[in-house]
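Hi,

Here is the structure I promised to pass on.

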Amino acid sequence: MSDSAEAARPLFDSLVERHSQLIYRIALAVTRNPQDAEDVVQEAFLRLYQAGRWEQIPDIQAYLARIAWRLAAKRKKQHGEISITGQEFLPQLVSAAASPEDSALDTQLEHWLHACINRLPEKLRQPLALSALGELKLVEIAKILGLPEGTVRRRVHTARKILREQLERRRGGTL
Amino acid sequence: MKEHIDFEPDTEDLLDRALASYTPVSPWLGLEDRVRARLSVSAQPSRRLPFFSWVWAVTSAFAVAIILALLLRSHLTIAPQNNATNRIGSSRIVANSAETESVMNAVPSHSYLERHSRSLRTHTHQPSQLQLIAQLLASGPGAIASLATAEKEQQTPIEVKPLAIKPLEIEPIQIKPIEEKPADAGGAL
């Protein structure tokens, strides 16, 4: 590495502090595997660092998010089907106010919904998962995915509709 | 909004909650430290780049040299028959070199080259320009030099000078009277 790159290292470290959490969540939304997501985060920051002139990038978060999404999508393609259904995430989801019975039912339903999301086609699942992060606007998601904003909006809408229908069918069947 | 009415009110709520919990997990503790460590490690291999670039440069130069050598070899072996002809031609040159040097001023050198090239043509059945050049190179530097002087000679016009008139000096015949004393016949009695 050149001397200028070494001199800019503290600045880059602050960049890592600021954006690593979001980049991790984007990677996890795509890969659904914590280890893969962490590898993606490291790889994304490494690529940005090695590319040089990263100080001149206007929206570095969007740039990093795009790299992370690409890497995660590639990794996902290599690894194939999602093996983790999201069951290990569920203890955090149960609301404290709910009764144990309701909580158990909600947990079961959410677990089932996560499985439904994982089964969605990738072109629907990825926009939905990124929008579900709650930190990215539709414009930013469109930039990350390299799609028009209208397409992203339509895909999120379609994905939600499919999930709602599946949920309704399940609830109608069980109730 | 119509879709919201079609579904049960808590369906939408449940879906939102499920989506919010889809990727809620924070990374394992110390992610930033691990990223920084990875960056520090990755900075080291980049110092090896000059070595690899040297390796590439040397390898490519070696490859180019091999290709050039092969090309040169293929050019030299275009017509082995021509080489044999060259040998005949060069032997003639060696044989005639003494004579050529002795009469260099008197005999124009391009005539010799003409003769030489004519003999080559009879051997090689209309050789290409490249083959002629190869033959010329094989004949040695003397042939090239003589070709150059021949070109000069061709360029300079031949001056016709009148012959110097130098009348022959004929000594007049002197008539002497015959001596009466006969010559000694040598026959002593």
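Let's start with a crossing in chain A: helix 2 of chain A and helix 4 of chain A cross in a right-handed way. (Right-handed means the near helix is turned clockwise from the far one by less than a right angle, left-handed anticlockwise; helices are DSSP runs of H or I with at least four residues, strands are E runs of at least two, and both are numbered from the N terminus.) The angle between helix 2 and helix 4 (residues 60–79) of chain A is about 35 degrees, and their axes lie 9 Å apart. Axes here are lines fitted to C-alpha atoms, for helices over the stretch in contact, with angles from 0 to 180 degrees between N-to-C directions.

Before going on, bear in mind that this is a predicted model: local features need pLDDT of at least 70 and side-chain atom pairs count only at pLDDT 80 or more, while totals for chains, interfaces and linings use all residues. Residues are numbered from 1 along each chain as its sequence is written, and chains are lettered from A and ligands numbered from 1 in the order in which they are written.

Back to that pair. Helix 2 of chain A brings residues including Leu15(A), His19(A) and Leu22(A), and helix 4 of chain A answers with residues including Leu64(A), Ala68(A) and Trp69(A); contact means C-beta atoms, placed from the backbone, within 7 Å. By class, the residues of this contact are 13 nonpolar, 3 polar and 2 charged. (Ala, Val, Leu, Ile, Met, Phe, Trp, Tyr, Cys and Pro count as nonpolar, Asp, Glu, Lys and Arg as charged, and the others, Gly among them, as polar.)

Helix 2 of chain A also meets helix 6 of chain A: their axes come within 9 Å and cross at roughly 145 degrees, again right-handed. There, Ile26(A), Ala29(A) and Val30(A) face Gln126(A), Ala129(A) and Leu130(A).

Now the two chains together. Chain A puts 36 residues into the contact and chain B 27. On the chain A side, helix 2 of chain A gives the largest share, 9 residues, and the classes there are 20 nonpolar, 7 polar and 9 charged.

As for chain B, it has 8 helices and 0 strands. Buried residues account for 11% of its 189 residues, buried being 20 or more other C-beta atoms within 10 Å of a residue's own, exposed 12 or fewer, and partly exposed in between, with C-beta atoms placed from the backbone.

Cheers

How values were computed: Contact = placed C-beta atoms within 7 Å.
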